[in-house]
Amino acid sequence: MLRVSTWLALIFTWTAFLLMPPAAHAGGLLITTLMVLMGGAGLLHAIARKDFDWKAHVFWFLPLAALFVWANITVLWSPFDQRGGWTNAHTAITVGLLMVWAPLALHAVKPERQLLLRHLFLATSLMAAGLLLIDVLSGWGLSILIDPIQPDENLGHRQNDALMNVGHGIYIYAMFAAPFTAIALKTLRRDVAWGLIALYVIALALAAYFNLLQIGWLVLCVTLLVMPLAYKWPRPTILGFCGLAVLSILAAPILGITSGKILTSETISLPGSWDHRLRMWAYCWAEIKQNPFLGHGFDVSRTYSETYKTPAGYDMAIVSLHPHNIGIQLWLETGLVGVLLFCAFILGLIKQALKYAGSPLCAAALSGLLASNVLIYATTVNLWHDYVWGSTVFALVILTLIPRGSANDNESSSA
C-alpha cells in the first residue's frame with residue numbers, strides 16, 4: 001500500500017504543479033479537482049506510513065470537520081432550493097475535508113525532487129503572471145483564442161466572463177506572492193531572485209490594474225509590507241494575524257452595523273464596488289440579527305432578490321450571490337455556532353504555524369500568506385467556493401517546499 005500511495009502522491013503532486021497556471025487562468029475551477037486528488041493521495045500516503053503523527057492535526061481538523069457538518073445541518077432550514085439530494089453543502093464537505101491534506105503528499109517527494117518542484121513552481125508562476133498580463137492587455141484575446149466565440153455568443157458578454165476568470169487568476173497568483181518570494185530567495189542566486197520577484201509582482205500588479213481588480217494590487221501591497229515585518233518579528237506577527245483573522249470573524253456584525261451608518265452619511269462618497277459591498281454588509285446585518293445563533297441556512301444569500309439603483313441608473317442585486325465577506329457569511333448562514341467552529345479551526349492552527357515559522361524567511365512567507373488571505377476572504381470570495389479553498393491549500397503546499405536551512409539546503413519544511 002505504501003508503494004501505491006507514494007506513486008499516487010507523486011503523480012498528483014506533479015500534475016498539480018504543472019496544471020496550476022491554466023487552472024487559475026481559467027477561473028480556478030480545475031483547482032478543486034487538482035487539490036482533491038493531491039489531498040486524497042496525501043491522506044492515503046499518511047495512512048500507509050503508519051508513523052504519521054495524527055495528534056498534531058487534531059486541534060485544527062476536528063473543528064473544521066465540525067464546521068462542515070454543521071453547514072450541512074443548516075441546509076434543513078435554508079430557503080435555498082437544493083435541487084435534489086446532493087447539495088452544495090455536500091460538495092463542500094466532500095472536497096473540503098479531502099483537499100486540506102494535500103501538503104502531506106510532499107512526504108512522498110524526495111528532497112532532490114523537491115528542489116525540482118521549487119524550480120518548476122518559480123518558472124510556471126512567472127509564466128502565469130506574464131500570460132495574465134498579456135491576456136488583459138490584448139482585450140482578453142488569449143482567453144478567446146483558447147475558447148473561441150461561438151456564432152450565437154456576444155463579444156462583450158464573453159469579454160466580461162474572461163474579465164472575471166482572469167481576475168480570479170490574478171488574485172490567486174497574488175496570494176502566491178509570499179511563497180514565491182521565499183522560494184526564489186532560497187533557491188536562486190540573490191540578484192536573480194530579486195529580479196524575478198520584481199518581474200512577478202509588476203506583471204501581476206499591472207494585470208490587476210488593467211483588469212480593474214483592486215484586490216489584486218492591494219494583496220500584493222499588503223504582502224510586501226507584512227513580509228519584512230514578520231522577518232524581523234516572526235512570532236508576534238504570526239500571532240497578530242491569526243488573532244486578526246479570528247477577530248474579523250467574531251466582529252463581522254460590527255462591519256455590517258458600521259456599513260449602514262456610512263451609507264446614511266452625506267459626507268462620504270465611495271467607488272461603486274465599495275458602495276456595493278457596504279450595501280451587502282448592511283443588508284446582511286439586518287438578516288443576521290433575526291437569527292444570530294443558528295443562522296438562516298447554507299446558501300441563503302443566493303435567495304436574496306432585492307435590488308438598488310446604481311449611480312449609472314441600472315438595477316443591481318444588493319447581495320450578489322454571497323456577501324463578499326466570510327465573517328458576515330458565517331454569521332448569516334451558520335450563525336454563532338458556525339462562527340465559533342471556524343474560529344476554533346483558526347486557533348487550532350496556531351501551534352502548527354509557530355512550529356513552521358522556525359526561520360525568519362518561513363515566518364515571512366507564512367505571514368504574507370495569512371495577510372493576503374485575511375484581505376481576500378474579507379472582501380472578495382464566497383467561503384464555500386471550493387476553488388478558493390484549493391488555492392489556499394496549494395499555497396500551503398508551496399510553503400511546505402521552502403527549505404529551513406541555508407539557501408543550498410534541500411531539506412523541506414514539515415507539512
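Predicted model: local features only at pLDDT ≥ 70, side-chain atom pairs only at ≥ 80, totals over all residues.
Visitor: Is His322 buried or exposed?
Guide: Happy to look! His322 sits in the loop between strand E2 (315–317) and helix H14 (326–348). The cut-off for buried is under 20% relative accessible area. His322 has 6% relative accessibility, so this residue counts as buried.

Visitor: Which side chain of opposite charge is nearest to Glu333, and how far away is it?
Guide: Glu333 belongs to helix H14 and is buried, yet has no salt bridge. A salt bridge would need a distance within 4 Å. The nearest side chain of opposite charge is Arg302, at 6.9 Å.

Visitor: Which side chain makes a polar contact with the side chain of Glu333?
Guide: Good one to check in the viewer. Leaving aside neighbours within four places in sequence, the contacts of Glu333 include Thr74, Phe298, Asp299, Ser301 and Trp384. The side-chain partner, at 3.1 Å, is Ser301.

Visitor: Which element gives the largest share of the lining of the largest cavity?
Guide: A search of the whole structure finds one cavity of 30 Å³ or more, with a volume of about 40 Å³. Among its lining residues are Phe68, Ala92, Val95, Gly96 and Trp384. Two elements give two or more residues to this lining, helix H4 (88–99) and helix H17 (386–400). The largest share, three residues, comes from H4.

Note on methods. Residues numbered from 1 in each chain as written. Heavy atoms only, no water. Helix = DSSP H or I, 4+ residues; strand = E, 2+ residues; numbered from the N terminus. Buried < 20%, exposed > 50% of the residue type's maximum accessible area, 1.4 Å probe, protein only. Lys, Arg positive; Asp, Glu negative; His and termini not counted. Polar contact = N/O pair within 3.5 Å; in protein donor to acceptor, adjacent residues only side chain to side chain. Contact = heavy atoms within 4.5 Å. 1 Å grid on protein atoms, 1.4 Å probe; cavity = no way out; pocket = protein on both sides within 12 Å on 5 of 7 lines; lining within 4 Å. Points joined across faces, edges and corners; volume = space filled by probe spheres on them.
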